[in-house]
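Let's take a tour of a protein fold, going from the whole chain to what sits inside. Have a look at the picture before reading on.

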Amino acid sequence: MARKSAAQGTPATAALAAAGVPFVLHPYTHDPAAASYGAEAAEVLGVDPSRVFKTLMVEVEGRLAVGIVPVSGALDLKAFAAALGAKKAAMADPAAAQRRTGYVLGGISPLGQRLPSPTVLDASALALDTLLVSGGRRGLDIELAPADLVRLTDAVTASISSLATGSH
């Protein structure tokens, strides 16, 4: 698998390189008019949407956490809260998410965040050889093994995705 190039370096690619984790970069030209960053990535890259995962910042009992779910589904907030031992969760304020992670919306990677947060990866990822997540900017996805993503983010895995019904 490829390593990062200086032109595409982000905190996410730096974290992968520092950990010695194999990964493949999938750059693409982001369309500012795209309604969904994740769906756009799957379509442009020609990858099954069940293999492209979106990174969502969620507020759980006053603190931020990370949910990683396939773009073909939606985050089940109740299941997400339960995975972290909480009663309820809500989508985080976008500005708070950007401050916490150091990334812009549509480019939030679960890797290399400014301040790490508790992370839950949808269990469907475990059935995949590799998955794609944001590389830390719009128009850049990173392909890596689910086990490496779990290890580097200290994620727990749980069934936190439901069929697509909304924007989460």
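Here is a short report on this predicted model.

## Overall build

What is the chain made of? The protein chain has five helices and ten strands.

Why call it a compact globule? With 168 residues, a globule of that kind would have a radius of gyration near 15 Å, and this chain has 14 Å, so the two agree.

## How the chain comes together

Take the contacts in the protein chain with a separation of 6 or more: residues 24 or more positions apart account for 61% of them. As for burial, 45% of the 168 residues are buried.

## The inside

The largest nonpolar core has 25 residues, and Val133, Leu144 and Leu149 touch the most other members. Helix H1 (11–19) and helix H4 (94–101) each supply at least two residues of this core, and so do strands S2 (53–60), S3 (63–70), S7 (131–137) and S8 (140–144).

Now zoom in on Leu149. Leaving aside residues up to four places away in sequence, Leu149 touches Ile68, Pro110, Leu111, Leu121, Leu131, Val133 and Leu144. There is also a second, separate core of twelve residues, including Leu75, Ala81, Ala89 and Val120.

How values were computed: Residues numbered from 1 in each chain as written. Predicted model: local features only at pLDDT ≥ 70, side-chain atom pairs only at ≥ 80, totals over all residues. Heavy atoms only, no water. Helix = DSSP H or I, 4+ residues; strand = E, 2+ residues; numbered from the N terminus. Rg over C-alpha atoms; globule rule 2.2 N^0.38 Å. Buried < 20%, exposed > 50% of the residue type's maximum accessible area, 1.4 Å probe, protein only. Contact = heavy atoms within 4.5 Å. Core = buried A, V, L, I, M, F, W, Y, C linked by side-chain atoms within 4.5 Å.
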